[in-house]
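Here is a friendly walk through one chain and the molecule it holds. Keep the viewer open and follow along.

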Amino acid sequence: ADYDVIIPAAGSGKRMGAGMNKLFLEVNKRPLIAYTAEVFLKDPHCRKVILPVQPHDIENMKHVLGNMPNVEKIFFAEGGSERQYSVRNGLELAEKGGVILVHDGARPFISAKIISELANVAAEKGAAIAAVPVKDTIKRAKNHIVTETIERSSLWQVQTPQAFRAPLLKQAHETAERDGFLGTDEASLVERIGHIVHIVMGSYDNIKITTPEDLYFAEAIFKKLAG
Ligand code: C5P
């Protein structure tokens, strides 16, 4: 299915501690955001690539993305103080119908195959997210005392892209905003309004670059995918 993608790219990179937007950090001498954007710019099913960015980053973003294929698909939106607000600002530039994907700028190794599966499932069923089975045992704790061990076989580690029919995603955002609800992903907003969310198998390569050691993993994944 054809789709628009919103790539939130307006984070401050606090956990990375680089003192700048982490999306400008490089893997194999190329900024992370270039990898992420390229996958979508090259996809013929992708109509628009909407990038919420902080005003002070726009110049550099244009510089980094300027000579990529199909740059005319790129639209900049204003970044928000929270990821959810960045996505909301991006939504205003998206088509009213069809499918919208939301994908973290900080996940450079997303595959075209997963994107296409998500867009198709969302077109047919309304909402689909990429996720992989959790490998570690996950426990709940309070003040460093374990209160619960959650059965691992039912746990999924959720990634992006997350794909939705456009009106559903808009309604979910509007309801969250009205209620003052802040979620860490789009699907949680859609779940809140009672809509079913389908899981599509993601990839363990599809990591989110968050803290400094992730850059070492990213170099390794890059080499694997390039080789
Ligand atoms: O901080 P984290 O890595 O979880 O952010 C996920 C994505 O959301 C990143 O690509 C980041 O640039 C983006 N973001 C945003 N606006 C914010 C915070 C994060 O666009 N206020």
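A residue is called buried here if 20 or more other C-beta atoms lie within 10 Å of its own, exposed if 12 or fewer, and partly exposed in between, with C-beta atoms placed from the backbone. Helices (H or I, at least four residues) and strands (E, at least two) are DSSP runs, numbered from the N terminus.

What you see is a predicted model, in which local features need pLDDT of at least 70 and side-chain atom pairs count only at pLDDT 80 or more, while totals for chains, interfaces and linings use all residues. Residues are numbered from 1 along each chain as its sequence is written.

**Confidence**

The predictor's confidence in each residue is given as pLDDT, from 0 to 100. The chain averages 97 on this scale, and 100% of the residues score at least 70. Among the elements of the chain, strand S7 (residues 127–133) has the highest mean pLDDT (99), and helix H2 (residues 58–65) the lowest (97). The model scores ipTM 0.98 and pTM 0.98.

**The sheet**

Two strands count as paired if DSSP finds at least two bridges between them. Seven strands make an open sheet with mixed pairing, in the order S5-S4-S1-S6-S10-S7-S11. Strand S5 (74–78) and strand S11 (198–201) stand at the edges with a single partner strand each, so one side of each is left without a neighbour in the sheet. On average, neighbouring strands of this sheet are turned by 30° against each other, direction ignored; axes are lines fitted to C-alpha atoms, for helices over the stretch in contact, and angles run from 0 to 180 degrees between N-to-C directions.

| Strand pair | Sense | Bridges |
|---|---|---|
| S1 and S4 (residues 46–53) | parallel | three bridges |
| S7 and S10 (residues 156–165) | antiparallel | six bridges |
| S7 and S11 | parallel | four bridges |
| S8 and S9 (residues 145–150) | antiparallel | five bridges |

To find these pairs in the viewer, look for tyrosine 3, whose bridge partner in S4 is cysteine 46. Valine 132 stands opposite glutamine 157 in S10, and alanine 131 stands opposite methionine 201 in S11. Strand S7 is mostly covered, with five of its seven residues buried. Strand S10 also holds proline 161, which is joined to threonine 160 by a cis peptide bond with omega of about 10°.

**Covered helices**

Which residues of H1 are buried? They are Leu32, Ile33, Tyr35, Thr36, Ala37, Val39 and Phe40. These buried residues pack against S1, S2, strand S3 (30–31), S4, H2 and helix H4 (112–125); contact means that the C-beta atoms of two residues, placed from the backbone, lie within 7 Å.

Helix H3 (residues 83–91) is mostly covered too, with seven of its nine residues buried. Its buried residues include Ser86, Val87 and Leu91. The cover over the buried residues of H3 includes S1, S4, S5, strand S6 (99–102), helix H5 (166–179) and helix H6 (186–192).

**Around the ligand**

Of the 17 residues around the ligand, Pro8, Ala10, Gly11, Ser86 and Gly105 come nearest. Ser86 is also one of the buried residues of H3.

**Loops and the open hairpin**

Glycine 13 lies in the loop between strand S1 (3–6) and strand S2 (26–27). With 17 other C-beta atoms within 10 Å, glycine 13 is partly exposed. Leaving aside residues up to four places away in sequence, glycine 13 touches Ala18, Met20, Asn21 and Lys22.

Is strand S8 (residues 138–142) buried or in the open? The number buried among its five residues is zero, so strand S8 lies largely in the open. Strands S8 and S9 form a hairpin with two residues between them, and asparagine 143 in the turn has a positive phi of about 50°. Histidine 144, in the loop between S8 and S9, has a positive phi of about 65° although it is not a glycine. Histidine 144 counts as exposed because it has 5 C-beta neighbours inside 10 Å.

Conventions: Near = placed C-beta within 6 Å.
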